[in-house]
Structures are given as structure tokens and as C-alpha cells.
Amino acid sequence: MLKTMNQKISVFLILFGAGYLYLTYNLKEYPYVPIDSDFIPRALGFILIGLAVFLFFDKSSETEEEKKKRTVPKKEILVLIAVGVMIFAYIFLFEMLGFLLTTALFVFFCSWFLGYKNWVSNVLVSIIFPSALYYLFNYLLQIRLPQGILPF
């Protein structure tokens, strides 16, 4: 049944998307907001499942070159693990420190760790990007993001 790697990955993504959707339907609902905080996670879950179904029926065949591309060098595995630790730290600190502070720290340290050395632009992006997203979600879409320790 599962002949290609795309089909195996798509089955995993469909199961992951189903579990993700189950969790999004358990999110707390907030009164008096036109678009609730579960709208975007639910939309992303349905998009993930839809794209996984397309991947399952993809007719492209796997060549030897594509199989060689899947092997990851050992030194890059440590980089992947470090970025994974940063993601888990981001998730852990998200509610406590809030969206703005946590996202700014994550963007700064992750891009610095991955080799971006221009400090000025790194600081500007790590401040402007989360601020723009926070403004977009909180004030334009009226989707409340965690404010954390900041007073706004």
C-alpha cells in the first residue's frame, strides 16, 4: 500500500494533522472577539491534511539522487537538535514572557546561531517582526496573543 516515501510521509502528516485538529477544538473560547484564537490553528490543520492528501497521490518517482539528498551529515544533526531546543524553549516561555518578548528573543538567537552576524539588522528584525505581528493580531484581527510580563 505505501510504496513511496511521499505516501509514508503523507500518512504521518494526516495522522499528525488529525491530532493537531483534535487539540485545536479543545482550545479555550474567548467571548466578545469576532475571530477567536482557534481560527488560524484550525485553518492550518485543515490545510496540512489537504496538502498531505495531495502528497499521497503524487505520481513522482523517487530516484537514487533524491534518496542521497535525504541523508543528513552528522554535524548538521547537532544544529537541528539545537534549533529544536530553541523551539521548545520558545514554546515553554511563550505564556510566561508573552508573544513579543519570546518571539523577539527566539528570532534573534536562532538567526544568530544559524550564522547571521549582522547585529544591527538582526536586532531590528527581531524587534520589528514580532511587533508588527502583535499589532496585526491584537488590534486589526482582534485575536489576543499572550502579553506576558509586558504591560501592553
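Predicted model: local features only at pLDDT ≥ 70, side-chain atom pairs only at ≥ 80, totals over all residues.
Q: How many aromatic pairs does the structure hold?
A: Nine. One of them is Phe56 with Phe57, and that pair is edge-to-face.

Q: What is the geometry of Phe56 and Phe57?
A: The centres are 5.1 Å apart, with 85° between the planes. An angle over 60 degrees counts as edge-to-face.

Q: Is Phe56 buried or exposed?
A: Phe56 is buried, at 17% relative accessible area.

Q: And Phe57, buried or exposed?
A: Phe57 is exposed, because its relative accessibility is 56% and the cut-off for exposed is over 50%.

Q: Why is the pair of Tyr135 and Tyr139 called tilted?
A: Their planes meet at 40°, so the pair is tilted. Stacked needs under 30 degrees and edge-to-face needs over 60. The ring centres are 5.5 Å apart.

Q: Where do Tyr135 and Tyr139 lie?
A: Both are in helix α6, residues 119-140. They sit four residues apart, about one turn of the helix. Tyr135 is partly exposed at 47%, and Tyr139 is partly exposed at 47%.

Q: New topic. Which residues make up the largest nonpolar core?
A: Eight residues: Tyr90, Phe94, Phe99, Leu100, Tyr134, Phe137, Ile143 and Leu145.

Q: Which helices each supply at least two residues of this core?
A: α4 (74-97), α5 (99-113) and α6.

Q: What is Tyr90 in contact with, leaving aside neighbours within four places in sequence?
A: Phe99, Thr102, Thr103 and Phe106.

How values were computed:
Residues numbered from 1 in each chain as written. Heavy atoms only, no water. Phe/Tyr/Trp six-rings, centres within 6.5 Å; stacked < 30°, edge-to-face > 60°. Buried < 20%, exposed > 50% of the residue type's maximum accessible area, 1.4 Å probe, protein only. Core = buried A, V, L, I, M, F, W, Y, C linked by side-chain atoms within 4.5 Å. Contact = heavy atoms within 4.5 Å.
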